[in-house]
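Thank you all for making the time this morning.

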Amino acid sequence: MSPHKNKYTPFIYFSGLAVITLGIYILLFGLLLASNIIDAASVAPLPMAIDAAVCFVFIGLSFFLTLKNNRKAFAIACLLNIMVIIVSVLALLHHFSGVYFLFTLGMSPVTAVTFIVTVIGLFFLNKTKSLFNQCTFHAVTFLASVVLIGHLLKIPEFYHLSFTPMSIYSAAAFFILSIAASLVNQEIGITGIFTGSGIGNIMARRLFLYMVFAIFIVGWIRLLVHRKNLVGVELGIALYALSFCLISLALISLVSKTLNTINTKANIATENFRLMVEAAPYALIMTDRLGTILEINPSAELVFGYKKEELTGKNVRVLVPKNMRGTWIKNRNKFFEEPLISPYGFNDEIYALKKNKQQFPIEIILTPIKSRDGYRILSFVIDITERKASEALINKQITELQQKNEELEQFNYISSHDLQEPLRTVANYIMMLEEDYPDQVTGEVKEHLGAINSAVTRMSRLVRSLLEFGKLGRDRVMSAIDTGILLKEVTDDLQALIKANGATVAAKGEFPTLYAYDTELRQLFQNLINNAIKFKKEGIAPHITVTGSAIDGYYRFEVADNGIGIAPEHSAKIFNIFQRLNKSEKYEGYGIGLANCKKIAEMHGGRIWVESVPGKGSTFIFTILKFKA
Ligand code: ADP
């Protein structure tokens with residue numbers, strides 16, 4: 001691909017191709033004429049000399065090869081150029097000496113000179129980007145334009161240029177080729193005036209095209225009027241001047257209107273940009289490559305405590321604390337190695353310096369802005385002092401909460417553990433009383449002792465479940481668990497209960513392998529299935545469906561039953577410890593199962609809730625965070 005790629009590249013290639021095609025066309029035409037395949041009398045004579053046609057093919061090829069910009073291609077291009085020069089020089093020699101040489105086939109001397117100038121231009125096309133070289137193409141364009149105008153307006157002086165005339169085809173080919181070649185280094189010379197993006201360039205582009213067209217038409221009319229002798233010379237010139245003045249006025253007013261519209265749009269855009277920058281809630285600082293501050297916005301004045309005048313022109317270093325300058329320089333260099341939008345301070349801690357020498361934490365985004373004189377940096381600075389302070393407060397509170405929680409767990413563990421001892425003693429004494437005094441422990445006394453015993457047993461169970469609740473999640477280790485297998489094992493464990501109640505347990509959906517606490521997750525499924533069987537409707541076999549699915553960032557499991565259901569007002573409190581809705585003998589329990597389930601779901605970064613229609617059934621739903629391995 002050409003290293004000169006710009007928006008004119010398609011035109012450049014098209015022009016090269018057009019010149020080669022023209023040369024080949026003339027050669028074929030000449031060949032057909034020479035071999036009498038077409039009759040010279042019935043067609044117009046050859047419009048271009050054969051040697052000129054060959055040179056156009058050569059110069060077109062040489063142009064393509066030069067564009068390739070590699071050594072081999074350039075060497076071939078040089079060879080072609082030399083051949084063009086030889087043919088052109090021989091044509092000139094023939095013209096001035098009258099001697100016929102091998103390759104002279106009628107090329108006009110003006111064409112020969114134009115070829116030589118074009119070849120010089122092409123030779124230096126990649127070597128120097130000089131104005132002088134660009135001028136060789138401009139000269140060719142000018143010469144070709146004169147000849148073209150001469151042909152179009154039928155003014156022989158223009159195309160003869162006091163020699164054998166250059167053909168209109170050659171002029172057109174030189175015109176298009178020289179413009180294409182000058183567009184390769186589009187920013188240089190007159191080409192630069194027309195291709196630039198400035199307002200002057202836009203004006204030049206529009207005005208020049210209209211002007212050339214208008215001058216050409218008016219000139220043509222003037223000539224027509226003159227040739228037909230419609231008006232006298234003086235009136236003709238006066239009318240010509242007048243119409244030219246009017247056309248110029250019309251064109252200038254048209255172009256000035258366009259320019260004014262462009263200018264207004266540019267002004268509005270600039271004003272909008274200024275307002276945006278001024279209203280931005282972030283401190284904005286624009287610096288050049290060396291770090292010199294060019295612009296700051298009012299938020300930057302507020303954040304850093306400087307006035308705009310105090311900072312502009314200073315190096316941005318004044319806003320960097322001394323101990324951070326090393327990191328700052330490193331970051332800057334890294335940024336210039338690859339100037340992309342780069343955030344700093346989001347993962348690491350960086351600080352800036354206020355006018356009063358106070359340091360404060362910031363987040364900063366550096367944005368490269370390419371301007372005509374190189375890169376500029378637009379920095380968005382966010383003062384995160386307040387956020388850091390609240391983060392620190394939250395962290396402190398979290399640590400305190402963790403400590404309190406640990407203390408509570410410890411207390412729960414110790415007290416429930418210690419409570420077992422007196423309960424055991426009471427139970428032992430009841431047993432001893434029954435054994436040692438069988439005669440006295442009868443009737444009402446025996447009944448009372450029995451009631452005390454069952455109360456003690458119940459209390460002991462309660463204390464044990466409290467102990468287990470406290471122990472939940474201690475010494476926990478996460479592992480990969482196949483939830484399909486886990487569910488099967490849980491239902492196997494509950495087989496006796498399932499059979500006794502004539503229950504069915506069906507699994508639906510996906511049961512993935514996920515990272516979780518094995519014992520706890522097992523207990524969660526077990527509690528929910530157990531409850532689904534336990535809280536069955538009188539005389540109806542429990543039918544339980546366990547469904548697994550993956551949702552955004554979580555796994556979701558549902559345990560649905562056709563049991564007694566739960567009234568909506570109770571759906572939250574059943575997850576609290578020791579909360580039971582059905583205290584009758586029929587539904588045994590301590591009200592700790594769902595509290596355990598809640599704790600387990602939360603340990604897994606998820607939550608648990610129930611959706612239920614009383615009398616129809618309940619669906620317990622819990623989620624588990626998708627932990628990474
Ligand atoms: P327990 O089962 O020991 O009573 P849980 O914490 O497991 O304690 O349940 C709390 C209460 O929630 C139960 O007493 C019961 O009233 C209600 N409950 C739990 N699961 C279901 C269910 N599948 N259907 C209806 N009610 C239920």
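This is a predicted model: local features need pLDDT of at least 70, side-chain atom pairs count only at pLDDT 80 or more; totals for chains, interfaces and linings use all residues.

Let me begin with Ser379, which counts as buried because its relative accessible area is 9%, where buried means under 20% relative accessible area, exposed means over 50% and partly exposed lies in between, with a 1.4 Å probe and protein chains only. Residues are numbered from 1 along each chain as its sequence is written, and side-chain values use heavy atoms, with hydrogens and water left out.

Ser379 lies in strand E6; helices (H or I, at least four residues) and strands (E, at least two) are DSSP runs, numbered from the N terminus. If we leave aside its neighbours within four places in sequence, Ser379 is in contact with Ala283, Leu284, Ile285, Ile364, Ile365 and Leu366, contact being heavy atoms within 4.5 Å.

Not counting residues up to four places away in sequence, Ser88 touches Met107, Ala112, Phe115 and Ile116.

Now to the empty spaces. Rolling a probe the size of a water molecule over the atoms shows where empty space is left. On a 1 Å grid over the protein atoms alone, a cavity is a set of points where a 1.4 Å probe fits but cannot get out, whereas a pocket is an open set with protein on both sides within 12 Å along at least five of seven lines, and lining residues have an atom within 4 Å of a point. Grid points are joined across faces, edges and corners, and a volume is the space filled by probe spheres set on the points.

The structure holds one cavity of 30 Å³ or more, and the largest cavity has a volume of about 350 Å³. It is lined by 21 residues, of which Val320, Trp328, Ile362, Ile364 and Leu366 are the closest to its centre. Two or more lining residues come from each of strand E1 (283–288), helix H13 (325–337), strand E4 (350–353), strand E5 (359–371) and strand E6 (374–383), and H13 gives the largest share, four residues. By class, this lining has 16 nonpolar, four polar and one charged residues, where Ala, Val, Leu, Ile, Met, Phe, Trp, Tyr, Cys and Pro count as nonpolar, Asp, Glu, Lys and Arg as charged, and the others, Gly among them, as polar.

The largest pocket has a volume of about 1,200 Å³, and of its 30 lining residues Ser145, Phe175, Ile179, Phe208 and Val212 are the closest to the centre. Helices H5 (131–153), H7 (168–184), H8 (189–195) and H9 (199–227) each supply at least two residues of that lining, which divides into 22 nonpolar, seven polar and one charged.

The second largest pocket has a volume of about 850 Å³ and is lined by 38 residues, with Asn531, Lys534, Phe535, Gly593 and Leu594 nearest its centre. Which helix gives the largest share of this lining? That is H18, with nine residues. The classes here are 15 nonpolar, 17 polar and six charged residues.

Helix H15 (443–471) is among the elements that supply at least two residues of this second lining, and Glu447 lies in H15.

Five strands form an open sheet in the order E8-E10-E11-E13-E12, with mixed pairing, where two strands pair if DSSP finds at least two bridges between them. Its edge strands, each pairing on one side only, are E8 (504–509) and E12 (608–613).

E8 and strand E10 (residues 543–551) pair in the parallel sense over six bridges, with Thr504 opposite His543 and Ala507 opposite Val546. E8 is hardly covered, since the count of buried residues among its six residues is zero.
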